[in-house]
Amino acid sequence: MQEANRLKRLPLYLFTIIDDLKKRARERGVDVIDFGMGSPDQPAPPHVVEKLCEAAHITENHRYSRPDGDVERRLREVIARYYQRNFRVALDPSTEVLPLIGSKEGIAHLSLAYLNNDDIALVPNPAYPVHFNGVIMAGGILYNIPIVREKGFLPDLENVPREVVKMAKLMFISYPHNPTGAVCDLKFFEKVVSWAHGKNIIVAHDLTYSDIVFDGYKAPSFLQVKGARDFGIEFHTLSKSYNMAGWRIGYAVGNSTILKTLAKTKSYLDFGIFRAVQEAAIAALDGPQDCVARMVKLYEERRNVLVDGLNAIGWPTDKPKATFYVWTRIPIKYSALTALEFATLLVDEIGVALAPGTGFGDYGEGWVRFALVEDSERIKIALKKIKQLLDQKS
Ligand SMILES: Cc1ncc(COP(=O)(O)O)c(C=O)c1O
């Protein structure tokens with residue numbers, strides 16, 4: 001049985017390779033220290049879990065979710081309030097807010113909703129994989145904009161050829177950025193808005209990591225810029241801010257026409273979010289936020305232990321101002337290896353799993369990503385093992 005060409009066009013999913021290596025190491029009895037996937041290790045806040053349990057006992061919540069339902073309306077209102085409180089962005093809850101089964105779902109379906117076979121989508125590279133895989137799955141043409149450390153991992157839009165821009169229908173951006181941990185200021189968003197103005201390109205900003213920020217940095221919303229809403233939407237999620245990754249709930253906000261088209265696409269494909277999860281999301285977004293501050297503190301401590309530790313053992317690494325990722329070049333000693341070869345070596349030799357940079361696109365070659373989802377003690381153990389490896393005479 002032949003799988004569809006759209007699947008064959010997708011790049012190799014490198015995480016499955018690393019997963020296999022981890023599995024084999026664990027079968028050999030190795031306690032793998034796993035910095036691979038960005039799946040938070042902490043629990044969702046207790047009051048949110050309680051709300052889920054309470055709502056799961058209500059029979060009405062077991063039915064299909066309906067856009068005009070009561071909990072659905074309350075969730076949209078709470079999301080609008082969250083935006084007002086956090087970003088001073090006013091949203092109409094009935095037309096400018098669309099809940100999603102996780103932001104990944106919405107990002108993939110946005111490409112499906114808008115791209116025809118000869119439409120180009122502009123995607124910075126490296127990127128969170130669904131930004132480009134969604135384009136490929138939808139049958140669109142992917143145009144990678146390289147982003148490099150020397151330019152703060154921000155795309156140089158003026159360098160995109162005019163013919164490409166003419167055929168472009170969609171562009172993804174995302175700051176704070178996975179995998180690089182790069183951040184931007186409002187000025188960058190203003191530049192994007194003035195560049196995109198009049199070009200008929202949808203700008204989709206992925207704001208997944210807005211809450212996970214350090215050193216006084218505050219992540220702006222793309223929608224804070226005047227005019228952004230003319231062609232822009234923004235994705236957000238409860239997965240990271242409230243450790244609800246497995247619960248599958250996120251949302252898109254912004255341009256009402258784009259959201260309507262996205263909702264139309266989804267109406268053919270899914271039945272929305274379990275209502276008990278929606279009730280729990282309301283409790284998370286509208287409830288006390290000290291749990292978020294505690295989580296950020298924990299990631300900050302882990303970031304410091306890891307980055308200071310790597311630098312101390314001779315692996316030069318930048319300290320990110322946001323996200324729970326540390327993005328760093330392969331150590332000089334191993335610079336002849338590809339990112340995948342180096343990540344493979346680390347699992348096989350010392351039981352430390354990382355994400356190879358090429359899992360996020362070709363421009364991730366030469367880099368690896370640590371996700372800060374192991375505690376500080378285990379980070380210290382990993383550092384010792386890495387030091388031994390780096391100190392070994394080859
Ligand atoms: C940049 C980015 N966007 C979206 C997602 C997906 O989040 P969700 O759980 O809401 O689908 C992730 C998950 O790691 C991510 O890093």
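In which sense do strand 9 and strand 12 pair, and over how many bridges?

Analyst: Strand 9 and strand 12 (residues 367-371) pair in the antiparallel sense, over 5 bridges. Two strands count as paired if DSSP finds at least two bridges between them. Helices (H or I, at least four residues) and strands (E, at least two) are DSSP runs, numbered from the N terminus.

This is a predicted model: local features need pLDDT of at least 70, side-chain atom pairs count only at pLDDT 80 or more, and totals for chains, interfaces and linings use all residues. Residues are numbered from 1 along each chain as its sequence is written.

The open sheet has 3 strands in the order 9-12-11, with antiparallel pairing. Strand 9 (325-329) and strand 11 (355-356) stand at the edges. Each has a single partner strand, so one side of each is left without a neighbour in the sheet. Across the pairing of strand 9 with strand 12, Arg 329 stands opposite Trp 367 in strand 12.

Helix 12 (residues 339-350) packs on this sheet. Helix 12 touches strand 11 and strand 12; contact means C-beta atoms, placed from the backbone, within 7 Å. The direction of helix 12 makes about 45 degrees with that of strand 12. Axes are lines fitted to C-alpha atoms, for helices over the stretch in contact, and angles run from 0 to 180 degrees between N-to-C directions.

How values were computed. Two residues are in contact if their C-beta atoms, placed from the backbone, lie within 7 Å.
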